[in-house]
Amino acid sequence: MWSRALIEVRLDIETDIDVARAAMLDALTAAREADPDVDAAILSDAEVPGIEDFDYYSVVVRLMVNVSPTTQWTVMRAVRKQMRVIFAERGIRLAVPRDTLHVEATRPSSIGIGIERNERTEPTS
């Protein structure tokens with residue numbers, strides 16, 4: 001029996017996927033070296049199959065590895081900790097949305113409908 005540790009990372013759209021893939025695999029190796037329990041829990045070679053998803057500002061890459069049952073959370077935390085360090089060292093950036101939408105309740109919308117608060121009032125007789 002085994003469980004699967006699965007880590008998805010949303011990276012900046014400009015990220016070199018080969019560099020990110022190598023960094024993710026290096027993070028797994030670093031986690032194994034840092035903690036004998038993590039090393040013992042890992043049952044297979046890791047896979048980073050490629051791009052799982054992307055949009056206008058990001059690309060999602062997934063690391064998967066088989067581990068001993070119920071150890072996936074410990075392994076994922078240890079690998080994420082190492083990813084954070086390695087990504088910073090190698091200049092790999094996580095995705096950050098580049099556009100922001102601000103909604104103001106006091107201004108009318110572009111189609112002429114004002115936004116009003118629905119305040120409850122007592123009925124009049």
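The structure is a predicted model, in which local features need pLDDT of at least 70, side-chain atom pairs count only at pLDDT 80 or more, and totals for chains, interfaces and linings use all residues. Residues are numbered from 1 along each chain as its sequence is written, and side-chain values use heavy atoms, with hydrogens and water left out.

The chain holds three helices and three strands. Helices (H or I, at least four residues) and strands (E, at least two) are DSSP runs, numbered from the N terminus. Their order from the N terminus is β-α-α-β-β-α. Of the 125 residues, 32% are buried, that is, under 20% relative accessible area with a 1.4 Å probe, protein chains only. The chain exposes about 9100 Å², computed by the Shrake-Rupley method with a 1.4 Å probe. Carbon and sulfur atoms supply 49% of that area. Contact means heavy atoms within 4.5 Å. Among contacts with a separation of 6 or more, 74% link residues 24 or more positions apart.

The three strands form an open sheet in the order E1-E3-E2, with antiparallel pairing. Two strands pair if DSSP finds at least two bridges between them. E1 and strand E2 (51-54) stand at the edges with a single partner strand each, so one side of each has no neighbour in the sheet. Neighbouring strands are turned by 25 degrees against each other on average, direction ignored. Axes here are lines fitted to C-alpha atoms, for helices over the stretch in contact, and angles run from 0 to 180 degrees between N-to-C directions. E2 and E3 are joined by three bridges. In one of the pairings, Ile51 has Val61 of E3 as its bridge partner. Three residues separate E2 from E3 in their hairpin.

Two helices contact the sheet strands. H1 packs on the sheet and touches E1, E2 and E3. The direction of H1 makes about 30 degrees with that of E3. H3 lies across E1 and E3, at about 25 degrees to E1.

The largest nonpolar core has 28 residues. Such a core is a set of buried Ala, Val, Leu, Ile, Met, Phe, Trp, Tyr and Cys residues joined through side-chain atoms within 4.5 Å. Leu11, Met24, Val75, Val79, Met83 and Phe87 touch the most other members. At least two core residues come from each of strand E1 (3-12), helix H1 (17-34), helix H2 (36-41), strand E3 (58-67) and helix H3 (72-90). Beyond four places in sequence, Met83 touches Ile7, Val9, Met24, Ala27 and Leu63.

Terms used:
Buried means under 20% relative accessible area, exposed over 50%, partly exposed in between (1.4 Å probe, protein chains only).
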